[in-house]
Amino acid sequence: MASKQLVLAIFASEADADDAAQALKNWDDASDDVKLKSTGILVLDDSGNLKTDKVGRRSTGKGAGIGLILAMATPIGLAAGVIGGAALGALHHKGLGVKQADRDRLGQELAGGKAAVGTVVDNSQANAVSAKLAELGGTPETHELDDTAMADVDAAAEQAPQDAAAPVA
């Protein structure tokens, strides 16, 4: 069984996702029971290119790859602007455990003008984070993440420039 899950929630707009991500960060700060390492927002820009915004801690090392993780949860065509280079592209093809049908659906949601908030959590926190994102107006879903792939993403995030891993719009 994987030790981490990606919790994603779809919101009607980027503004709604921004508000939810800030509320999630505030909840994390106020609660001793939930400690999120990093949270990101996925949205398509005016040109239809994927952009990721990182919210919260700006640490390096573990957790620094939230931009990579979120981009890898989308179809390869959307992730091309975020994931560059052969090694990072290979990570996308390897996947994290997110099924292709889920990637495609997320891509369609984003293309329809919606935005997503995503965070990686320990299995024990996935239900609470999903419930919080639903309370904030999102439609949450969880995906078990492959531990080996997560280690590869952490290694890639440590080697990649931070703006390549999680460009801030």
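Tutor: Before we start, two strands count as paired if DSSP finds at least two bridges between them, strands being DSSP runs of E with at least two residues and helices runs of H or I with at least four, numbered from the N terminus. This is a predicted model, in which local features need pLDDT of at least 70 and side-chain atom pairs count only at pLDDT 80 or more, while totals for chains, interfaces and linings use all residues. Residues are numbered from 1 along each chain as its sequence is written, and side-chain values use heavy atoms, leaving out hydrogens and water.

Student: Which strand is joined to β1 by 8 bridges?

Tutor: That is β4 (residues 115-122), which runs antiparallel to β1, with Val-117 as the bridge partner of Ala-9. Strand β5 (residues 139-145) is also antiparallel to β1, through 7 bridges, and there Glu-144 is the partner of Gln-5.

Student: And why is β1 called largely enclosed?

Tutor: Because 7 of the 8 residues of β1 (residues 4-11) are buried, meaning under 20% relative accessible area with a 1.4 Å probe and protein chains only, where exposed is over 50% and partly exposed lies in between.

Student: Switching to α1, which residues are buried there?

Tutor: The buried residues of α1 are Ala-17, Ala-20, Ala-21, Leu-24 and Asp-28. Exposed Asp-19 and Ala-30 sit on the face of α1 turned away from its buried side.

Student: What does Trp-27 touch?

Tutor: Leaving aside residues up to four places away in sequence, Trp-27 touches Val-34, Ala-128, Val-129 and Lys-132, contact meaning heavy atoms within 4.5 Å. Trp-27 lies in helix α1 and is partly exposed, at 21% relative accessible area.
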